[in-house]
Amino acid sequence: MKGRIIVALLAIAILALAACAPAAPSVSDPLGVVTIGPNDPVHVAWMLVVTGADGTLGVDSRRGIEIQVDDKGGKLLGHNIKLDGQDSGCGAEPGQAAAAKLASDTTIVGVIGSSCSSEIRAGGPALSKAGFAVISPSNTAPDLTDPAKRFAGYFRTAHNDTIQGAVAAQFALQQLKVKKAATIHDGSPYAQGLATVFADNFKKGGGEITNQEAVGPDDKDFKPVLTKIAANKPEIIFYPIFIAAGGLVTQQAKTIPGLEKVNLMSADGTFSPDMYKASGKAAVGLYNSSPDFSAFASGYKDFLDKHQKKYNEKPLSAFHAHAYDAAGILFAAIEKVAVKGGDNSLVIGRQALRDAIQATKDYKGVTGTLTCDKNGDCGAPVIAVYQVTDDNVTKGQTPDKPIWKPSAAP
Amino acid sequence: MRQRFARLELTDIFIYIVGASILALVVIGTIATLSQGKYSSRAWFDLVMFGVTLGSIYALIALGYTLVYGILRMINFAHSEVFMSGPYVAYFFADALGKAGFVDKNPAITILLIFIVAMLSSMLVAMLVERVAYRPIRHAPRLVPLITAIGASFFLQYTFFRLFGANIKVFPEIDALSTSFTFGEFKLTFLQIFVVVVASLMMLGLHQFVQRTRVGKAMRAVAADRETAALMGINVDNIIVTTFALGGALAGAAGVLYVLVFNQVTAFMGFVPGIKAFTAAVLGGIGNIPGAMVGGLFLGVIESLGPTLFLDGLGIPAPYQLKDAIAFTLLVLILIFRPAGILGEVLTEKKA
């Protein structure tokens, strides 16, 4: 009998102790919560194209995220930051596969990605359903933040191509003073969207669009389609496509009778030293619309120094700073919504996190002062036009200074 | 012919209607485009020449498929990687020469050396694939070598991919090849002429080899009937290796021509031309050497000319996105009317 009482007392004592022990705080969230144990890291993933011909685009962004993590000292609210990710291959199918893999990992709080608009078009719904907050450093296709098509939890720090296309058209009309343009896209959401916006704006500005052609991203021989374009004698060809195809178009355009003197213009997707490898000397004189680095906030210089120190080379592509800011916004939002338990555990409400990103206002990033609008566009859209020089191709470096900036906000 | 009509079934009628409508579309589109007169004769000439250039490369690759099919009755799907490996190896060689300034001084010797290196490497890879992936299972059911072929193809692709990285490698430009000639209003680059001439010479050489030499005769004997050929004292294994080596060397040469035109080398560069060349081989009649040449040229020209010629007049926007669809639709069209391919013989029961 005595023994029983002792056992009962012990049981009560243990129960009481357990109740008093500092436990994870209870947070209710419509999308569920991520609970991070006292010694667990905060898991943030990237979904970027880091291999293949377009790999520099994603590696460049990943480095931006890594530098942001370094700036945080690798820690968030006393927890280590765990950063890993999936290669999304700059295509719909690899994008979907990468998203499915990420979605199955419930420890992930937020995703920085994707690189190419096609990846997120295919993979975005899975990420959204998993409850992640997604911030893309380099998706620029206009319809991704179209309220009718945007999926919940999606944001971007990259510019929307409605702006880039308008700037490119303005440059052609006002600076080059050309009246006839042809466009080529590769069927990807990014290229198709940008080529269409360019054409619309060019027509609105009084220009004539002679051809709106499309090719395959894996095509090699663009001479036939360029010959077709040449028949209509455009003064500029705008091809906002990716490096593998873009390099060949640049190279082959000059060899087509009737196109020897045409202006060639591409966009931010080919603003990379790899482009000059793919096209060789033919890239000299090529115009690129791309984010205006000279208009970036003063912090950008610091960023470049850190980049140089860490990777011992110049940035590989155009979206490192956007990735740095995307990670910054995500970390700031996590800091804002994470509820700390007595034992140093963290609980993050998934919907609360999305709301916090949505509420981002006047965030001081390196690409500018960022405010997320209601559609998820958080970027400070400053676009300029660059021209590739002989020196750039020889040294394999992108141009430093833009040759033209839009006179007024388009 | 009469027998064929006597056994006309519903599906046959349907297929003929499909064929006839494709043909009608092609004819209407062509007339519509030509009547608009939007393109000069020079543009048409250029389009045909681009097609002939690419088509001769397809034809050279197609020969490899056709040779192996003729002897072993199997599709060597690793052939696209045999094609890739030659110029890939030659790239390192050419890059070193380019950096040393050798290319600009001795363009002719450089090209010759590149050809030798590429052809030897492709040949070696082809023979290796045969030894490792096909010979041990030569008497297995026919689907087995098909699967090992696909496996060998992936193995080679990803071996190169992992060993040498994913970046596009750019072949040094050989300035001597970009000089151009003008005939009246028509212009040809030296490169185009070079590609067509080299490809034609190689095809002619192969044809002569197969028709005139003892080894060629033995190859034809093995193709006709392997067992009987073996009974007649022909070393079948040797002949099969020779066939792979020949196909490989031709693929290596095709690879060099391909990178001279497009300058880029990647581990995955073989896939698309491989599929196209396989199509060309089927189109011309698989197992038939002149057929591969005809099929390659046909496919190249249709790809280059087709979108503009057939679709432009119909007002279809961005027709070049449909170039592969056009090429493969025409493949269907030809196979409807000539199931064995343009020059294909009707297979005897034993072969089929």
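I will talk about how chain B and chain A meet in this structure, and then about two spots in the backbone of chain A. Please keep in mind throughout that this is a predicted model.

Let me begin with the extent of the contact, to which chain B contributes 27 residues and chain A contributes 33 residues. The two chains bury about 2,500 Å² between them, and carbon and sulfur atoms account for 59% of that area. On the chain B side, the residues that lose the most area to chain A are Phe50(B), Gln264(B) and Tyr320(B), which together make up 22% of what that side buries.

Now to the charged pairs, where the general point is that side chains of opposite charge can pair when their charged atoms come close. In another, Asp312(B) is paired with Lys228(A), and here the closest N and O atoms are 3.0 Å apart. That pair runs between chains, from the loop between α13 and α14 of chain B, where Asp312(B) sits, to helix α7 of chain A, residues 223-230, which holds Lys228(A).

Turning to polar contacts, four residue pairs are counted between chain B and chain A, with both residues at pLDDT 80 or more. As for the elements involved, those giving two or more residues to the side of chain B that touches chain A are α3 (41-72), α11 (236-262) and α13 (289-311) of chain B. Of these, α3(B) gives the most, with six residues. Sorted by class, that side of chain B comprises 14 nonpolar, six polar and seven charged residues.

Chain B also carries a nonpolar patch on the surface, formed by Leu25(B), Ile28(B), Leu314(B), Ile316(B) and Leu322(B), which together have about 400 Å² of accessible area. Leu25(B) belongs to helix α2 of chain B, residues 10-36.

The bond joining Gly113(A) and Ser114(A) is cis, with omega at about 5 degrees, and Ser114(A) is placed in the loop between β5 (108-113) and α4 (117-129) of chain A. Cys90(A), for its part, has a positive phi, near 55 degrees, and lies in the loop between β4 (79-87) and α3 (92-103) of chain A.

How values were computed
Residues are numbered from 1 along each chain as its sequence is written. Chains are lettered from A and ligands numbered from 1 in the order in which they are written. This is a predicted model: local features need pLDDT of at least 70, side-chain atom pairs count only at pLDDT 80 or more; totals for chains, interfaces and linings use all residues. Side-chain values use heavy atoms; hydrogens and water are left out. Contact means heavy atoms within 4.5 Å. Buried area is the accessible area (1.4 Å probe) that two parts lose on being put together, summed over both. A polar contact is a pair of N or O atoms within 3.5 Å; within protein, one must be able to donate a hydrogen and the other to accept it, and residues adjacent in sequence count only if both atoms are side-chain atoms. Helices (H or I, at least four residues) and strands (E, at least two) are DSSP runs, numbered from the N terminus. Ala, Val, Leu, Ile, Met, Phe, Trp, Tyr, Cys and Pro count as nonpolar, Asp, Glu, Lys and Arg as charged, and the others, Gly among them, as polar. Patches are made of residues with over 30% relative accessible area and no salt bridge: like charges are joined within 9 Å, nonpolar side chains (Val, Leu, Ile, Met, Phe, Trp, Tyr) within 5 Å. Accessible areas come from the Shrake-Rupley method with a 1.4 Å probe; for residues, only the protein chains shown count as cover. A salt bridge is a side-chain nitrogen of Lys or Arg within 4 Å of a carboxyl oxygen of Asp or Glu.
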